[in-house]
Amino acid sequence: MAIEKMEFVSVTAARDKLDTVLEKCCRSGCFQIESAISSNAGGGERALQLLNDKNPYDVPFKGLSSIAIELDIQLRETNFDCCELESGADFAGFCDSLEEQLAEASAEKQSALDLISQRRAALIQITHLHGLNEQFDRIFNCRHVHVRVGKLPLESHRKLEYYDQNFFFVPFERDRNYCWGMYFCPKNDKEIVDDIFTSLYFEQVHIPDFVRGNTEEAFKLLEAEIAEEEKLAEAADRELKDFARVHEQEIQRAFSKLCHKRAVFELRRKVGVLRDKVFIKGFIPKKQHKEFEKLFEGCPEVSLTFMPPDADSSCTPPTVLKNTFLTRPYSMLVEMYGLPDYTGYNPTAFVALTYTLMFGIMFGDLGQGFIIFLLGLIIGKKVHKNFGGMMTRCGVSSMIFGTVYGSVFGYEDLLDPVFEGIGIDLLPLHPFRNTSFILLTAVGLGVALILISMILNIVIGFREGDIEKAVFSNNGIAGLVFYGSIAAGVAATMLFDVKIMSAPFVIMLIVIPAVCIFCKVPFAAVVKYKEFRLSDEEEHMTVGNFIVENFFEMFEYVLSYVSNTMSFLRVGGFVLSHAGMMLVVSTLMNMVGSGARPFVLVIGNAFVMVMEGMIVAIQIIRLEFYEIFSRFYSGNGKPFEPVKAGFSTEIE
Amino acid sequence: MLEMYSTNAIVAKIRSVYGTMLTMDDFREMVAKRSVAEVADYLRHTKRYQERLRDIDPNSVHRGLFEQLLADESYSTYKRMCEFQGLEDKPFYDFLLKKSECSQMIKLVNAVDCGLQHSFVQGLPRYVMENSRIPFLTLAKCRSFEELKARLKGTGYFRLFGKFRLTGEGRVDFTDAEVKLRTSLYEQLAEDAVRSFTGREKDELLRLIRSEIDVINMINAYRLKSFFGYEPEKIKRSMLPFTQAGKKNMDKLYECSDPEKMRAMIEAGPYGKYISPDDDDIELGLRRRTLYTMKHTLARSNSAPIALYAFVCICENELRNIVRAIEGVRYDVDPALIYRLLIF
């Protein structure tokens with residue numbers, strides 16, 4: 001249960017072998033490519049340039065996609081072994097030949113659609129001219145007046161006041177950026193005025209010749225024409241469908257191969273080039289070293305250099321969590337929070353244990369646990385493997401604690417005879433009869449989990465060589481002693497009536513650790529740098545500032561110790577809430593007739609399972625992330641994403 | 001105390017907007033596009049510009065208008081930042097408007113002098129028209145420098161225009177006018193900074209302004225030397241009279257006998273490591289260093305005016321990069337070459 005060991009790989013090859021190398025990297029399924037030049041590279045890497053070639057497969061990709069759309073073919077990944085097309089030019093040729101065959105029907109359809117689109121565009125343009133009640137012909141046929149219709153950017157509209165030429169602009173409508181309208185000027189001044197409006201970014205709207213009458217009449221005429229053209233377009237469409245039936249397989253194969261080639265070519269953006277050599281760098285899992293090396297056997301122009309993962313400071317090694325069968329599903333939660341650093345600690349096992357335990361405690365019911373277990377098996381197979389896996393484990397835990405509580409589908413006394421038969425007097429542990437015990441146990445569990453989290457933080461701190469984190473911080477040794485002593489003192493005094501809070505106890509185990517936490521920065525500086533300083537940063541900090549700042553921090557730490565511990569009361573609270581909700585179900589059952597009872601039992605149980613199951617699951621995630629993870633874990637890791645030439649129909 | 005919190009709020013806001021700015025990957029995508037329409041479409045889908053460019057048709061929008069919209073967005077971002085904390089009416093915080101007014105005034109003087117008023121009006125940004133108290137559109141109607149000066153009576157520019165050197169033909173000496181206008185701008189900014197802030201905040205702000213002036217001076221001096229062969233005295237007269245690097249150092253630079261020596265001297269200083277041997281001009285390296293300083297300042301400063309000043313400079317650089325990328329794509333320049341000319 002650790003983190004998969006990685007290796008940094010540098011691939012150097014002759015430039016003409018680049019495609020083969022990238023192809024092999026994709027095929028390996030275990031290579032995560034990194035940019036050959038890091039974003040923050042300094043002057044040293046200037047000689048090495050990234051390949052920024054235009055992708056030759058982009059044009060045929062768009063072409064083939066539009067052909068598929070035109071033919072209404074749903075593109076899907078297909079085996080392309082028997083497709084012989086290779087280069088961008090081959091694919092472009094293939095597209096051209098298809099387009100040639102489609103030309104006639106396509107042209108007919110296109111012409112109809114163009115007409116429709118023209119008419120519709122004219123309709124939209126006329127919409128902006130609603131203030132105009134004059135006949136278009138009369139306006140455009142003026143003998144001495146030049147007219148242009150269009151849109152003018154709003155900033156340009158304001159600039160019109162500057163010009164004193166012989167023209168006027170009539171605005172009809174405004175939107176966020178443009179003012180729609182028309183300008184008039186004498187025909188003699190046409191050139192000058194047109195130049196002025198062009199320089200002001202006036203976009204002319206051509207009112208086509210087919211638009212006649214005034215605005216209202218033009219609307220009716222255009223709509224009638226659109227209906228007629230739509231019929232023609234449908235006829236051409238039928239012809240295209242026949243063509244699609246014949247050529248679909250061929251297009252699917254070509255498109256799948258094109259996608260693959262294009263995706264491989266796209267990887268070039270991360271490849272560095274220097275003269276006739278190309279450089280690719282990335283990471284592979286160490287265990288796949290041999291398989292990866294084997295892929296390049298027999299390629300003398302390609303050289304592989306394997307190095308430790310931290311060999312290149314500009315690349316952060318990715319993190320792959322290594323988990324056992326029992327804990328693997330919980331990696332989903334860890335990934336949700338953020339992966340650990342490559343050199344960090346994998347908390348999945350800890351999460352698996354605590355999550356399962358807390359779920360069982362909060363949702364203890366033998367029958368409902370069994371249902372969750374079964375649902376987990378189904379969901380794991382059909383929907384989501386990890387989520388299903390979590391459900392099965394939580395289901396088993398729920399069954400175990402359900403047995404402890406003696407609860408089966410809300411029947412709290414069903415298991416009493418069994419325990420009596422075995423002779424265990426302590427069980428079942430009926431929640432309502434042991435309220436204080438359950439709540440105190442929940443707090444005790446919380447204290448234990450917080451202490452374990454602190455211990456983990458201390459271990460991680462020492463491993464990272466961070467003395468402040470491991471020893472002096474609120475989650476370091478000082479925090480552990482401080483919090484543990486107070487917890488032990490309170491428990492001993494209040495629960496067992498043992499007076500251990502003596503003066504030496506308080507001074508040694510509470511006051512001194514508190515001072516350490518308060519002065520963690522200067523103490524850590526003394527240990528680490530052998531010098532006294534009040535602040536980590538270069539800025540000078542006064543003693544007054546230091547005291548004020550750390551007083552508030554200390555106050556926050558103490559408050560968080562209390563609030564985090566009390567937060568675990570919810571674990572006990574949900575035990576009672578579950579029992580309470582099932583009590584409501586059983587009361588409802590007693591209120592209805594015997595015929596309806598099974599119905600109420602099933603609905604009631606289903607409701608409690610869905611409602612409470614979800615709340616419990618979310619509350620535990622909250623406890624894990626806020627109360628536990630915040631003490632030792634920072635999810636700054638980078639996920640491992642091996643390169644692949646995936647199938648995608650998206651045109652960027 | 002409360003003032004400190006409000007400053008933190010605006011700095012946090014600035015940093016969050018900074019996070020939406022275009023990245024190197026965005027520019028890599030942009031320079032690989034085949035047309036300005038594709039670049040426009042790309043920018044339309046970025047978080048930073050999607051709102052401003054939402055209603056624009058990338059296929060029909062004119063390049064000039066498109067660039068004006070982007071500049072407008074930069075100004076809007078700055079204005080939003082100021083309004084967020086109600087700073088827009090406070091002194092110094094109108095520095096971007098002052099800078100824009102100054103650069104428009106320089107263009108106007110040139111336009112009136114050369115009869116290029118139409119071009120001036122065409123390029124006049126919307127935000128200047130809307131926010132400046134100077135009626136640029138009315139001023140653009142002037143047909144001579146004297147008329148322009150007369151129209152400016154009652155504004156702070158009138159006195160300044162009186163000091164402009166005139167040539168024998170009665171035309172304005174444009175270089176002199178530009179230096180005087182810029183000098184006046186930076187005097188005003190420095191005065192605002194001194195009046196409005198104290199202690200480290202004031203010093204840091206003045207340091208930023210002076211460093212910016214140093215870069216302008218170095219670029220101009222290098223150009224005057226290499227393209228026009230100006231003598232040291234003439235170069236000195238064309239420079240802005242402020243410096244962070246020290247008057248002696250700058251004088252030494254101006255006194256270099258040829259551009260190579262000038263470049264070598266700059267490369268030997270703190271700007272050196274930002275100038276690549278492949279760069280034909282030193283401007284890229286100098287601007288790279290300015291950008292680095294501004295990014296560094298934005299990352300570590302908790303002062304609103306300092307963070308805002310640095311942020312605006314970073315926005316200006318982003319805008320310059322976009323314009324350069326658009327020009328490169330428009331004239332079908334090799335993507336790798338365009339990319340090399342961008343400043344990160």
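In this predicted model, the largest nonpolar core takes in 99 residues, and the members that touch the most others are V21(A), L64(A), A254(A), L258(A), M358(A), F359(A) and M362(A). Take L258(A): leaving aside residues up to four places away in sequence, L258(A) touches Y57(A), P60(A), F61(A), L64(A) and F91(A). One of those contacts, L64(A), is itself on the list of residues that touch the most other core members. Apart from this core lies another, made up of 72 residues, with Y127(B), V215(B), L291(B) and V312(B) among them.

On to the strands of chain A. Strand β1, residues 6–14, runs antiparallel to strand β9, residues 277–285, and nine bridges join the two. Within this pairing, K277(A) of β9(A) sits opposite A14(A). β1(A) is also joined to strand β10, residues 302–307, again in antiparallel fashion, here through six bridges. In that pairing S10(A) has T305(A) of β10(A) as its bridge partner.

F409(A), not a glycine, has a positive phi near 50 degrees; its place is the loop between α12 (385–405) and α13 (416–422). D497(A) is no glycine either, yet its phi is positive at about 55 degrees, and this residue lies in the loop between α16 (477–495) and α17 (503–518). Their surroundings are another matter. F409(A) counts as buried because 21 other C-beta atoms lie within 10 Å, and the cut-off for that label is 20 or more. D497(A) has 7 such atoms within 10 Å, so it is exposed, the limit there being 12 or fewer.

Note on methods: Residues are numbered from 1 along each chain as its sequence is written. Chains are lettered from A and ligands numbered from 1 in the order in which they are written. This is a predicted model: local features need pLDDT of at least 70, side-chain atom pairs count only at pLDDT 80 or more; totals for chains, interfaces and linings use all residues. A nonpolar core is a set of buried Ala, Val, Leu, Ile, Met, Phe, Trp, Tyr and Cys residues joined through C-beta atoms within 7 Å. Two residues are in contact if their C-beta atoms, placed from the backbone, lie within 7 Å. Helices (H or I, at least four residues) and strands (E, at least two) are DSSP runs, numbered from the N terminus. Two strands pair if DSSP finds at least two bridges between them.
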